[in-house]
Amino acid sequence: MTMTEHLELVSENRSFGGWHRRYRHRSRALDCEMIFSIYLPPQAEGERVPLLWWLSGLTCTDENFMQKAGAHRVAAELGIAIVCPDTSPRGTDLPGEHDDYDFGSGAGFYVNATRAPWKKHYRMYDYVAEELPSVVRQHFPVNGRESISGHSMGGHGALVMALRRPGHYRSVSAFSPVVNPSESPWGQKAFSAYLGEDRGSWTQYDTCELVARGASSQALFIDQGDADNFLNEQLMPERLEAVCAKHDHPLTLRRQPGYDHSYFFIATFIEEHLRYHAKRLQKR
């Protein structure tokens, strides 16, 4: 990332004394233009602040969390910036890219695709882990302390990012994550197209597999609604519970009675997640 690279301001809104802004930039990792959102708390006007990455789920863009989660008030109080990337490359118009809600547009699954035609653009792991953080560090007053969270497909992405990058994130949490995508219909559809039929290549993007092989000892904090209509077929949190118990991996998994897969669920518990991250982000 060089100082000559450019961010275009798309929109901005004052929020709880801070600023919610959306920016467009040219991504080299994805070979297309991308938009991301950032919330800068009031404290960012006078000092560098810690950062929470939020990864969204299927069909979402950078806007869903910022508009629906109700996170700005608490982030402003705690002095935490939040960055929301988009969930896939945009504007590439590959064959079949827009046909299904759970594949292609809005469904990058935070992997680096290795199969044509997806490998040219669908490199969301590199984008979120390397390229966009470089952009953020260059342009915004962040202090280098980072945590990560997400929902559904984004919960999968957050857990995988944290487990594969030991020591990088101060903390990780998730709402309704896809914890064993190698065995879920969503994951199998995406992985077979993006990565090919060799299931061995899938394990690097599977939370259960990463825990089983001891990729990291990062503590995991998860909220899961017990009325989630994707619970049994796609999310399967009991699989993560079992592998964490077997390998003595630290896990807090809270089943929340009556809650579904929606942003009503996220909005109910986001304050607890933000305070969980703040305790770890504020440590020197």
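**Exercise 1.** How many aromatic pairs does a search of the whole structure find?

*Solution.* The structure is a predicted model. The search gives 20 aromatic pairs.

**Exercise 2.** Classify the pair formed by phenylalanine 191 and tryptophan 202, and state which parts of the chain it ties together.

*Solution.* 
Step 1. A pair of aromatic rings is described by the distance of the centres and the angle of the planes.
Step 2. For phenylalanine 191 and tryptophan 202, the centres are 5.7 Å apart and the angle between the planes is 70°.
Step 3. Rings pair if their centres lie within 6.5 Å, and planes over 60 degrees apart count as edge-to-face. The pair is therefore edge-to-face.
Step 4. Phenylalanine 191 belongs to helix α5 (residues 185–195), while tryptophan 202 is in the loop between α5 and α6 (207–212), so the pair joins parts eleven residues apart in sequence.

**Exercise 3.** Are phenylalanine 191 and tryptophan 202 buried or exposed?

*Solution.* 
Step 1. Buried means under 20% relative accessible area.
Step 2. Phenylalanine 191 has 0% relative accessibility, so it counts as buried.
Step 3. Tryptophan 202 has a relative accessible area of 2% and is buried too.

**Exercise 4.** Describe helix α9 (residues 263–281) from its N-terminal end onward.

*Solution.* 
Step 1. Serine 262 caps the N-terminal end of α9, with a side-chain oxygen 3.2 Å from the backbone nitrogen of phenylalanine 264.
Step 2. At phenylalanine 269 the helix bends by about 50°.
Step 3. Over its ring sits the charged end of arginine 280, 3.8 Å from the centre.

Methods
Residues are numbered from 1 along each chain as its sequence is written. This is a predicted model: local features need pLDDT of at least 70, side-chain atom pairs count only at pLDDT 80 or more; totals for chains, interfaces and linings use all residues. Side-chain values use heavy atoms; hydrogens and water are left out. Rings of Phe, Tyr and Trp (its six-membered ring) pair if their centres lie within 6.5 Å; planes under 30 degrees apart count as stacked, over 60 as edge-to-face and the rest as tilted. Helices (H or I, at least four residues) and strands (E, at least two) are DSSP runs, numbered from the N terminus. Buried means under 20% relative accessible area, exposed over 50%, partly exposed in between (1.4 Å probe, protein chains only). A charge sits over a ring if NZ of Lys or CZ of Arg is within 6 Å of the ring centre and within 35 degrees of the ring normal. The bend at a residue is the angle between axes fitted to the seven residues ending there and the seven starting there. A polar contact is a pair of N or O atoms within 3.5 Å; within protein, one must be able to donate a hydrogen and the other to accept it, and residues adjacent in sequence count only if both atoms are side-chain atoms.
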